[in-house]
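Have the structure open while you read.

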Amino acid sequence: METEIATELEKANEALRRGDAREAIAMLRGLLIEASGDPAVAEVVHASLGDVYLTVRDIERAEIHLREAVAISPDEAHYHYLLGFTYSIAESWPSARNELREAVRLLPENAEYLRALGWALHSGG
């Protein structure tokens, strides 16, 4: 099953690299349905969907899926970073700062997380 999921995730990533976000979203949504009951798969698929929605600037859907990924795996710094980045785009600065602080707390050596937190602190006052 893991191999099938990895293959499907790679196909969705390939669709995105080709510029076909709609196909990537459809594939990921299908995987999410298949993953019901498997939190580990749902976590990765929610994060991937959030990232794709962020790429196409569908901020509302990005937030929904990234919040799900964070809820399933709250110790994954990258999910907090992506969610904080999403909030930054929406100019929801307090939420952006909270998520980015958590990403930095979890992975303090990551320069990108530190940069994003600095930007949110500067931009949001």
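1. First, a caution: this is a predicted model, in which local features need pLDDT of at least 70 and side-chain atom pairs count only at pLDDT 80 or more, while totals for chains, interfaces and linings use all residues. Residues are numbered from 1 along each chain as its sequence is written, and side-chain values use heavy atoms, with hydrogens and water left out.

2. Helices here are DSSP runs (H or I, at least four residues), numbered from the N terminus.

3. Now look at α1 and α2. They pack at an angle of about 160 degrees with their axes 7 Å apart; axes are lines fitted to C-alpha atoms, for helices over the stretch in contact, and angles run from 0 to 180 degrees between N-to-C directions. The two helices are therefore roughly antiparallel to each other, the term for angles over 145 degrees. On the α1 side the contact (heavy atoms within 4.5 Å) includes Ile5, Leu9 and Leu16, and on the α2 side Met27, Leu28 and Leu31 are among the residues involved.

4. Leaving aside neighbours within four places in sequence, Ser48 is in contact with Leu9 and Leu28. The C-alpha atoms of Ser48 and Tyr79 are separated by 9.8 Å, although these residues are 31 apart along the chain.

5. Beyond four places in sequence, His65 is in contact with Leu32, His46, Ala47, Leu49, Gly50 and Tyr53.

6. Last, α6. Its 14 residues (93–106) should span 20 Å at 1.5 Å a residue, and the end C-alpha atoms are 20 Å apart, which agrees; the expected span is 1.5 Å times one less than the number of residues. Trp93, Arg97 and Glu99 are among the buried residues of α6, and its buried residues pack against α5 (77–89) and α7 (111–124). Tyr81 touches Leu100 and Ala103, as well as Glu112, Tyr113 and Ala116, not counting residues up to four places away in sequence.

Conventions. Buried < 20%, exposed > 50% of the residue type's maximum accessible area, 1.4 Å probe, protein only. Parallel < 35°, antiparallel > 145°, perpendicular 65-115°, else oblique.
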